[in-house]
Amino acid sequence: MADLLVQFLQNTGYYMADYRHCIMIIVGCVFIYLGIAKHYEPLLLVPIGFGILVGNVPVFKGLGLSIYEDNSVLSYLYFGVTKGIYPSLIFMGIGALTDFSTMIARPVLMLLGAAAQMGIFITFLGALALGFDPKEAASIGIIGGADGPTAIFLSAKLAPALIGPIAVAAYSYMALVPVIQPPIMKLLTTRKERLIRMEDPREVSKQEKMVFPVIAFLLCCFLAPAALPLLGMLFFGNLLKEAVVTERLAEAARRPVIDSVTILLGLTVGASTQADRFLKPESIEIFILGALSFCVATASGLIFAKIMNLFLRQKINPLLGAAGVSAVPDSARVVQMVGQAEDPTNFLLMHAMAPNVSGVIGSAIGAGVLWSFMV
Amino acid sequence: MNGLDAISANNGWNIAALGITIVFTGLVLLSLAISQLHKILTLWETKHLFYEQVKEVWQKKRTGVADDDRFLAEEQPPEVVLPKSLKKSADQFNILVLHLGEPFPLPKLLELAIKRGLDRPHSTLNHLIQTKLIVPDKLGFFHWNEKVYNCISEPEDE
Amino acid sequence: MQHIDMKLLKSIDLFKDLEGGELGQIASILTPVRVTEGETIMRRGAPAQTFYVVLSGNYMVYFKGGQAFTLHKFGDVLGWSTVVTPFYYRATTIALTSGDLLSMSRLEFLRLVQKNAVLSGKIMKKINEVVEKRLYFLKTVSGDPD
């Protein structure tokens, strides 16, 4: 009887826990707090935060409880992450949710979305310089795309061992877009530039919006076929939205599907951050490189917008460059916020959506390109 | 291996340069394609668009007239005859205004009216504004309109 | 959810340029609200989470220094700080009489921005006209609205 009790006590989490578990549980609680109390991306941070708690309850091996054990419930749920299923489904939902008309109306703003992807490749170089192997470096670089699903997709393909830290870094920085971007935006632009008003975009016809996903899909995926799982689903979702006759499917993609997948993705990514795998020096390097990646991406967009202004007759507000990082629609909202701080009657939100959504396409192409180079 | 050597050894410079070039090429191609898209579609749809434009102009004209009518209706001068109870309220508000001095802040007048226990102070204040007994200046403060106050009468049947 | 009449929506200045499908989208995120005489609709300094369109009733909007204006017209907009930085109400609004409003939450509006940027742009433009008038008022009355 006493032996049985001792055995039971030795198998409890209280007995097996060490300081690393405690650290991770605190991290999980901070995520939940930020999501609920501070409203920082609550739909992502709350599932991830709770997932961190789930993943860091110490369990003994052999019972099939850990996410890394074969045949455990969590490992089946995690399958969608490791095989890139969840990111693709989320992209379908984003496509069904997103209006590309501001981008179609002013295609030149797409270049800002391309410029912001500099962050991916500069961080890739930084990660190589720090001694990461090329596949890991590519997965770390993609954090600069500011797109959680893309970062998870690429790291699942190239560096599965790093999914946890990369996903947590990507989503943390996405949640911190309103904190990270404004100082860089103010530093790299003058007040006069921030006051520039954008012309109203032309009206985009329904036909254009319907034809766009098909043309965009063909053009992008013929150029970078490795982006097919992400861009294929993105433009398919958008076609469902714009085709009108498939509104029911679009509604399913933009609400129940994306919400269900976000829950599963958040929870399992959180659960994958087990203390023994997460608390390593590499994770700290990944976080530093991730922050650098975000800053470089923001700065690249802003500087490119200023360069474009040297050639454009109708100047664009360079703040739009910051929306080229694809955190949709947060970075566009930050552009609106910074622009309005100078002139409360200047509405940049609608215009910022153009580089913002082109950033999504750009980061997916970037991920596809890196993947194809590494295999 | 670390530093620039690691980048060179892993072909990093080429991958990064080629990578960003491909991203730019993809988005430039897409932007060129969609910048021409509406022209092609416009050519295809000219007749239909022409019909819609004519229809739009016609509809705008119709709704424009209707709006003007509504606007005119809203601009009708307010009724100056006050019910007996409101006449009494106007007198009470007038005392409060004399106490506040002119121009006076409207929220302060309302606050005083509530404190003094005047009957339905919010809607009474609204009525006095609607009948132009209380009028705004351009600075966000209000005046008591003596001209209207002197002209108001009570309904004969009351 | 209460049904919102499309004809009513179309007759509101803020929405008059919208087409059928767009009006439907707007209707889906608007909620009718009944306010009673003396009710405080928004309080200065509180986070601006909702903006309102006046259907009926009379309202007083007042600022820190006691400056005020009143709104009596169908289609007037209240709570434009919901879409203007720093996203807190700059004035307190009180219902002078009972009335009906249509409310739209900030969160729903931001979702609409992602879903249909052009539509939200049209509404923003209209709100901008109101903001410009009100900001002119604010500058005239105090120079510093807060």
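In strand β7 of chain C, C:Thr93 is the bridge partner of C:Val61. The pair belongs to an antiparallel contact of four bridges between β4(C) and β7(C), the latter spanning residues 92–95; two strands count as paired if DSSP finds at least two bridges between them. Strands (E, at least two residues) and helices (H or I, at least four) are DSSP runs, numbered from the N terminus. The model is a predicted one, in which local features need pLDDT of at least 70 and side-chain atom pairs count only at pLDDT 80 or more, while totals for chains, interfaces and linings use all residues. Residues are numbered from 1 along each chain as its sequence is written, and chains are lettered from A and ligands numbered from 1 in the order in which they are written.

Strand β4(C), residues 59–62, also pairs with β5(C), residues 68–71, in the antiparallel sense over four bridges. Here C:Leu71 is the bridge partner of C:Tyr59. The two strands form a hairpin with five residues between them, and C:Gly66 in the turn has a positive phi of about 95°. In a regular strand the side chains alternate between the two faces of the sheet. Both faces of β4(C) are covered: C:Tyr59 and C:Val61 on one side, and C:Met60 and C:Tyr62 on the other, are all buried (20 or more other C-beta atoms within 10 Å of the residue's own, with C-beta atoms placed from the backbone).

An open sheet of four strands in chain C has the order β1-β8-β3-β6, with antiparallel pairing. Its edge strands, each pairing on one side only, are β1 (31–35) and β6 (77–78). Five bridges join β1(C) to β8(C), residues 99–105, and the two run antiparallel. In this pairing C:Thr31 stands opposite C:Ser103. Helix α3(C), residues 106–115, packs on the sheet and touches β3(C) and β8(C); its direction makes about 55° with that of β8(C) (axes are lines fitted to C-alpha atoms, for helices over the stretch in contact, and angles run from 0 to 180 degrees between N-to-C directions).

Chain B has six helices and two strands, in the order α-α-α-α-α-β-β-α from the N terminus. Of its 158 residues, 26% count as buried. In chain B, 28 residues are in contact with 36 residues of chain A, a contact being two C-beta atoms, placed from the backbone, within 7 Å. Helix α2(B) gives the most to this side of chain B, with 21 residues.

Terms used. A residue is buried if 20 or more other C-beta atoms lie within 10 Å of its own, exposed if 12 or fewer, and partly exposed in between; C-beta atoms are placed from the backbone.
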